[in-house]
Amino acid sequence: QKALSPPRLMAKQVIHIVKRFGLVGGMEGYVWRLVHGLSDHGFCVTVICEEVFGEVSQKVSVRLVDKARPKPRWKSMYTFRARVEELLRNQFKDQSVIVHSHERSVSHHVTTFHGMPIRDIAKTSLPRFLSPRIRGWSQLEREELFNPNVRFVLPVSSYVKRLLQHNYPELSDGALEVAWPGVEGQHEDTLPQSAPDSRTLKLVFVGSEWKRKGLARAVKIIQLLRKGGSAATLDVYGVRQNQVPRSISKNNWVRFNGWVDVIPWGKFDILLHPAAQEPFGMVVSEARANGVPVVMSDRVGAADLHFECAAIVPLEAPDERWVRIIRELKHNSSRTYEIKWTWDDLVRLH
């Protein structure tokens with residue numbers, strides 16, 4: 001059943017669907033910047049959400065739905081989806097609008113796919129596939145991708161696009177368009193032009209989802225660096241010391257900084273990002289925009305942007321190879337910055 005009229009070409013009214021609207025996470029920050037960018041270009045933008053964080057532009061209209069119980073997440077998504085559907089049918093049914101979802105909705109025309117396909121995760125083991133949680137997320141995902149209103153599916157990287165095509169071969173290639181996250185533009189005179197003045201090799205790791213992003217692997221790599229004679233340290237942002245196992249937290253050369261609004265990039269030599277699965281990896285773009293070289297795994301979507309001062313290492317490569325590449329990058333790279341794709345570029349794509 002189609003809840004909305006088909007959008008007219010160049011419809012100027014756009015609805016974005018996201019549970020949390022604000023600069024409180026990677027996906028949420030993506031939506032916040034896209035919405036405000038579209039409104040600055042003259043579009044009438046409405047956001048349907050459960051919560052708002054921060055001060056919203058007066059140009060943007062916000063419609064709140066009642067907050068669903070937070071756990072389990074897959075059941076709360078069904079509740080959120082139903083409340084969004086009710087609002088769309090009651091208030092926008094006869095209007096010419098483009099509905100753009102960032103969640104598991106059903107009446108949207110466009111959906112941005114920010115994460116990994118649940119089908120890919122479910123294939124890893126039979127018991128997980130049989131769980132109600134996996135079955136619930138799988139149903140939500142399929143209905144997000146194949147509801148009859150959908151015109152475009154926008155994966156945030158080629159990596160995610162390939163996984164979607166592998167798991168859902170019935171997806172039309174013409175309906176898939178990569179829409180990378182952006183980065184704030186920088187001015188050259190505000191950036192450090194040389195590496196930190198220290199004999200210590202200062203690496204940084206960023207990410208609250210530290211398991212998926214490879215913190216344990218990062219610690220092992222730096223342990224090997226130190227055994228080889230390098231005075232290396234690791235600063236960790238996004239996670240506190242009491243949130244990780246003692247095998248990680250006991251090292252006195254690892255410093256935990258928790259959540260901060262701004263990473264002090266100028267203090268560090270290299271961003272280390274050995275992620276097992278990273279749909280994009282906005283921290284990679286941020287590091288390069290601030291002149292910090294990057295060593296990352298081949299499971300990071302930001303590899304699409306082909307940064308010059310970013311080394312891509314196969315996840316399965318031995319730690320010795322990671323160590324060698326870190327040393328080479330430290331020796332051969334400069335503090336020049338790279339900006340390949342900004343939030344304004346994302347807005348222009350839309």
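A: A charge is placed at NZ of Lys, CZ of Arg, CG of Asp or CD of Glu. In this predicted model, the protein has 50 positive and 37 negative side chains. The centres of the two sets lie 6 Å apart.

Q: What should I know about the numbering and the cut-offs of the model?
A: Residues are numbered from 1 along each chain as its sequence is written, and side-chain values use heavy atoms, without hydrogens and water. As this is a predicted model, local features need pLDDT of at least 70 and side-chain atom pairs count only at pLDDT 80 or more, whereas totals for chains, interfaces and linings use all residues.

Q: How many helices and strands does the protein have?
A: Helices (H or I, at least four residues) and strands (E, at least two) are DSSP runs, numbered from the N terminus. Here there are 12 helices and 14 strands. The radius of gyration, taken over C-alpha atoms, is compared with a globule rule of 2.2 Å times the number of residues to the power 0.38. That rule gives 20 Å for 350 residues, and the protein has 21 Å, so it is as compact as a globular protein of that length. The C-alpha trace spans about 70 × 50 × 35 Å along its principal axes.

Q: What percentage of the 350 residues counts as buried?
A: Buried means under 20% relative accessible area, exposed over 50%, and partly exposed in between (1.4 Å probe, protein chains only). By that scale, 53% of the 350 residues are buried.

Q: What share of the contacts joins residues 24 or more positions apart?
A: Contact means heavy atoms within 4.5 Å. Among contacts with a separation of 6 or more, residues 24 or more positions apart account for 64%.

Q: Which residues touch the most other members of the largest nonpolar core?
A: A nonpolar core is a set of buried Ala, Val, Leu, Ile, Met, Phe, Trp, Tyr and Cys residues joined through side-chain atoms within 4.5 Å. The largest one holds 52 residues, and F21, L164, V206, W265, L271 and V284 touch the most other members. Helix α1 (residues 26-40) gives the most to this core, with 6 residues. A second, separate core has 30 residues, including I221, A232, V239 and A317.

Q: Where is L171, and is it buried or exposed?
A: L171 sits in the loop between α6 (158-167) and β9 (201-206). L171 counts as buried because its relative accessibility is 11%. Beyond its neighbours within four places in sequence, L171 contacts L145, F146, V153, L164 and L176.

Q: Is E28 buried or exposed?
A: E28 lies in helix α1. With a relative accessible area of 11%, E28 is buried. Leaving aside neighbours within four places in sequence, E28 touches R20 and G22. E28 and H350 are 322 residues apart in sequence and 17 Å apart in space, C-alpha to C-alpha.

Q: Where is P318 found?
A: P318 is in the loop between β14 and α11 (319-332). Its relative accessible area is 48%, so P318 is partly exposed. P318 and I221 are 97 residues apart along the chain, and their C-alpha atoms are separated by 9.3 Å.

Terms used:
Lys, Arg positive; Asp, Glu negative; His and termini not counted.
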